[in-house]
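Subject: Structure handover

Hello,

Here is the structure we talked about. Please open it alongside this message, and my notes follow below it.

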Amino acid sequence: MARPLEPNRRRSFSDPLAAALMPPPNESAADRERRLEAESEAKRVSDGIDEMLRAEKKEKRAKPEVKVLILGQSESGKSTTLKQFQLMHATAAFHADRIAWRAVIYLNLVRSVRRILDAVSPDSDEAEDQETVSGRAISLTSQSSVISATRVLKYPQYRHALEPLRELEERLIRMLSSPNEDEPTHTAPRPDWSIYANGNSNTQVTVGKNGRPAPFITIPPSRTSSPLSPSTSLPSPGGSSNSSSKSKNVEVSVHHTSNWKKAFSLGNRIKSPKSAHTNEIEGWWDDPSDPVHVLNSCAQPMLALWKDPSVKQRLREKRIRVEEGSGFFLDEISRITALRYFPSDQDVLKARLKTTGVVEHSFSIADSQRRLIPWKIYDVGGARNQRHAWAPYFEDVNAIIFLAPISAFDQVLVEDPEVNRLEDSVMLWKSVVSNKLLAHVSIILFLNKVDLLQAKLKSGVRLSHHMPRYGDRPNDYENVSSYFYNKFGSIHQTFSSNKDREFKIHLTSVTDTRRTATIIQNVRDIIITVNLKNIHLM
């Protein structure tokens, strides 16, 4: 006698799943009852999960949230873009945090000066030749020679007068770094400059949460140029100095949280009044161990070094453009070395700290109807070895702001001196727009650092020498910027997984607050509008 078929079950035994779901051949009535009860319970749990998902979806519709991912290679301007968002939409908090950047700005300035000393040293050419012979083709010079090199006659005086900066650099590194470079850290709750002067720091290790990489900030290691990049800027002043044995090739990490900013704000060190008989306040400028005193005493020789015509000529011969480096403060020496120096908004925007990991910031931004909408903006590390951490943040993202530094057409990657920086940006851009996980994500492209591009083209650097496909077209800003605009736009049109998505291109210099504020406002409106449309379609 044939056994009756189970309802809603397939008879095909060629399907392994169907076979697995078939009841046992010798199933008793009691076993069948227990099985059906288990299946009923499983369906009840499944229906409950579906109901939770529907409720969550309904809650999202009632309370929309915008998630934005800022992508791009290292030193493309991602962190500066995030700072601009903070300045616009969390102004009070941004201003309260400005003093926390004082130590970083000091380090940027000190390392710029120390690198210039290294570059104009009479021994630099010999050292570069030795590096090239040793197997790695690295050179700070391109077409200059030792015979024709301009000599900086006052170099011994500069070196002697600025020797205190060597120790100050080490102190600032110790202040910003953790004892274990592989771990993100919190620094001591109250900064004591004398502690760092003695080479000690009191830190405790923290861990990440939610299973995602714990965000922290690092100051990058030394960076040298390659023969592929005859026109080059000095390494970012956040990096380590070649002549600093202790800081060389060291990643200096600082946990990027409000606790870090609080630790270095020094606000709790300002006392008022200084005595019962005066209204004068007491601050860091009265602390003899504060780094500002060393900087202040070295201000005049730093100015003399930077203004020395022979120094400028030697840097030109080596095709080193110091002003292109992030964290450039050499034109502000007198102001920054003042005893009561307080960082401005522009100083914070220019200050260089390399982002490692993923940093999340939350804002409440009003839409066109003045309703506050929560925003989460993720700033991710752009170095090649950090890009694998991007994928977990693609989920539920509403928009991507991608930054491509188009002034970097004559530079190479720090992590791979065989790769042109702009070509790397192009390949990275192609991989983002073609990613199917991002098919319904709005994309805003910032062709960034146009101010540096203009200056570079005016100085005579020709794009065709580094990108032969540009051909014999005019080497002016209008034509070059249009070329890049069309090049990146055509890549999106050709390789995009969704050509109908919201897509905008902006030529930007994200350190320019006025222009960037207008662009961010337009970007904000586009993202909010598209997000609301998507919510109504859910």
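Which residue in E8 does Val 358 stand opposite? Val 358 stands opposite Val 380. Before going further, please keep in mind that this is a predicted model.

Strands

Strand E8 (residues 372-380) is paired with strand E1 (residues 66-72), and the two run parallel, joined by five bridges. In this pairing, Val 68 stands opposite Ile 377 of E8. Strand E7 (residues 358-366) is also joined to E8, here by nine bridges, and these two strands run antiparallel.

Salt bridges

Side chains of opposite charge can pair when their charged atoms come close. Across the whole structure, the search finds 19 salt bridges. Some of them are described here.

Arg 114 pairs with Glu 169, with 2.8 Å between the closest N and O atoms. Arg 114 sits in helix H5 (residues 102-120) and Glu 169 in helix H8 (residues 164-176), so this pair links distant parts of the chain, 55 residues apart. Arg 114 and Glu 169 are both buried.

Lys 456 forms a salt bridge with Asp 410, and here the closest N and O atoms are 2.6 Å apart. Because Lys 456 lies in helix H17 and Asp 410 in the loop between E9 and H16, the pair ties together parts that are 46 residues apart in sequence. Both of these residues, Lys 456 and Asp 410, are buried.

Arg 524 and Asp 525 also meet through their side chains, at 3.4 Å from N to O. Are these two residues buried or exposed? Arg 524 has a relative accessible area of 15%, which is under 20%, so it is buried.

Glu 27, Arg 35 and Glu 39 are linked in a network of salt bridges.

Helix H18

Helix H18 covers residues 477-495, which is 19 residues. From its first C-alpha to its last it reaches 27 Å, close to the expected 27 Å. At the start of H18, a side-chain oxygen of Asp 476 comes to within 3.2 Å of the backbone nitrogen of Glu 478.

Which residues of H18 are buried? Among them are Tyr 477, Val 480, Tyr 483, Phe 484, Phe 488 and Ile 491, and also Lys 487 and His 492. The cover over the buried residues of H18 includes helices H16 (421-433) and H17 (450-458), together with strands E9 (399-405), E10 (442-448) and E11 (503-507).

Regards

Key:
Residues numbered from 1 in each chain as written. Predicted model: local features only at pLDDT ≥ 70, side-chain atom pairs only at ≥ 80, totals over all residues. Heavy atoms only, no water. Helix = DSSP H or I, 4+ residues; strand = E, 2+ residues; numbered from the N terminus. Expected span 1.5 Å × (residues − 1). Buried < 20%, exposed > 50% of the residue type's maximum accessible area, 1.4 Å probe, protein only. Contact = heavy atoms within 4.5 Å. Polar contact = N/O pair within 3.5 Å; in protein donor to acceptor, adjacent residues only side chain to side chain. Salt bridge = Lys/Arg side-chain N within 4 Å of Asp/Glu carboxyl O. Pairing = 2+ DSSP bridges.
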